[in-house]
Amino acid sequence: MNMRKRRGCRFGRWAVGAGVLSLATVLGACSTSTPAPDHMARTAADTAPADIQLLCATAAAGGGGGNVLPVTSRRIDATTYQVDLNVAGSTRTCIIDAGGNVLSMQQGTG
C-alpha cells in the first residue's frame, strides 16, 4: 500500500486552467475600437451644455413649473444654441445664447 503523502497544490491543473481561461475572457472583453457614429448614444458633437438646456426648460415652463424635458440640442453658431423641448406632450424650440439669454421660444412643428 502506498502511504506516501502528496505534496503540492490542492487545486490541480483544472483549476489553474479555469483561472487562465477566466482571465483571458476578461481581458478579451476590453476593446480599444470606437463604435461607428450611428451606434453611439450621442451623434452630434456640439450639443448645448446642460445648464443652457435647463435655462430653456425653465423659460418654457414659465412661472408654473410644469412638465418640461429637453429632448435634443445643437450648436447653431459660435455663441447660439437650439434646444428642442417636450412641454407636457407638445414641442417647443428654444434659441438661447451661450450667456443664458433666451432669444426666442417657438411652438414646435411636431
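In the predicted model, alanine 61 lies in helix H2, and this alanine is partly exposed, with a relative accessible area of 24%. Alanine 61 and alanine 88 are separated by 27 residues in the sequence, while their C-alpha atoms are 9.4 Å apart in space. Helix H2 itself spans residues 50–61 and lies across E1, E2, E3 and E4, with its direction at about 50° to that of E2.

The protein chain as a whole contains two helices and four strands, and these elements follow one another along the sequence in the pattern α-α-β-β-β-β. Of the 110 residues in the protein chain, 19% are buried. The accessible surface of the protein chain comes to about 8,600 Å², and carbon and sulfur atoms account for 57% of that area. When contacts between residues at least 6 apart in sequence are considered, 28% of them join residues at least 24 apart.

The four strands form an open sheet in the order E1-E2-E3-E4, and the pairing within this sheet is antiparallel. The edges are held by E1 and by strand E4 (102–107), each of which pairs on one side only. Neighbouring strands of the sheet are turned against each other by 20° on average, direction ignored. In general, the strands of a sheet pair through backbone hydrogen bonds, in either a parallel or an antiparallel arrangement.

Strand E2, which covers residues 80–87, is mostly covered, since seven of its eight residues are buried. On one side, E2 pairs with strand E1 (residues 68–75) in the antiparallel sense over seven bridges, and a hairpin with four residues joins E1 to E2. Within this pairing, proline 70 has leucine 85 as its bridge partner in E2, threonine 72 is partnered by aspartate 84, and arginine 75 is partnered by tyrosine 81. E2 is also joined to strand E3 (residues 90–97), to which it runs antiparallel, by eight bridges.

Aspartate 84 is one of the residues found in strand E2, and it counts as buried because its relative accessibility is 18%, which is under the 20% limit for a buried residue. The side chain of aspartate 84 takes part in a polar contact of 3.0 Å with the side chain of arginine 74, and in another, of 3.1 Å, with the side chain of glutamine 82. When neighbours within four places in sequence are left aside, aspartate 84 is in contact with Leu69, Pro70, Val71, Thr72, Arg74, Arg92 and Thr93.

The largest nonpolar core comprises 12 residues in all, namely Ala48, Ile52, Cys56, Ala57, Ala60, Val68, Tyr81, Val83, Leu85, Val87, Cys94 and Ile96. Helix H2 and the strands E2 and E3 each supply at least two residues of this core. In soluble globular proteins, nonpolar side chains tend to be buried together.

Technical notes
Residues are numbered from 1 along each chain as its sequence is written. This is a predicted model: local features need pLDDT of at least 70, side-chain atom pairs count only at pLDDT 80 or more; totals for chains, interfaces and linings use all residues. Side-chain values use heavy atoms; hydrogens and water are left out. Buried means under 20% relative accessible area, exposed over 50%, partly exposed in between (1.4 Å probe, protein chains only). Two strands pair if DSSP finds at least two bridges between them. Axes are lines fitted to C-alpha atoms, for helices over the stretch in contact, and angles run from 0 to 180 degrees between N-to-C directions. Contact means heavy atoms within 4.5 Å. Accessible areas come from the Shrake-Rupley method with a 1.4 Å probe; for residues, only the protein chains shown count as cover. A nonpolar core is a set of buried Ala, Val, Leu, Ile, Met, Phe, Trp, Tyr and Cys residues joined through side-chain atoms within 4.5 Å. A polar contact is a pair of N or O atoms within 3.5 Å; within protein, one must be able to donate a hydrogen and the other to accept it, and residues adjacent in sequence count only if both atoms are side-chain atoms.
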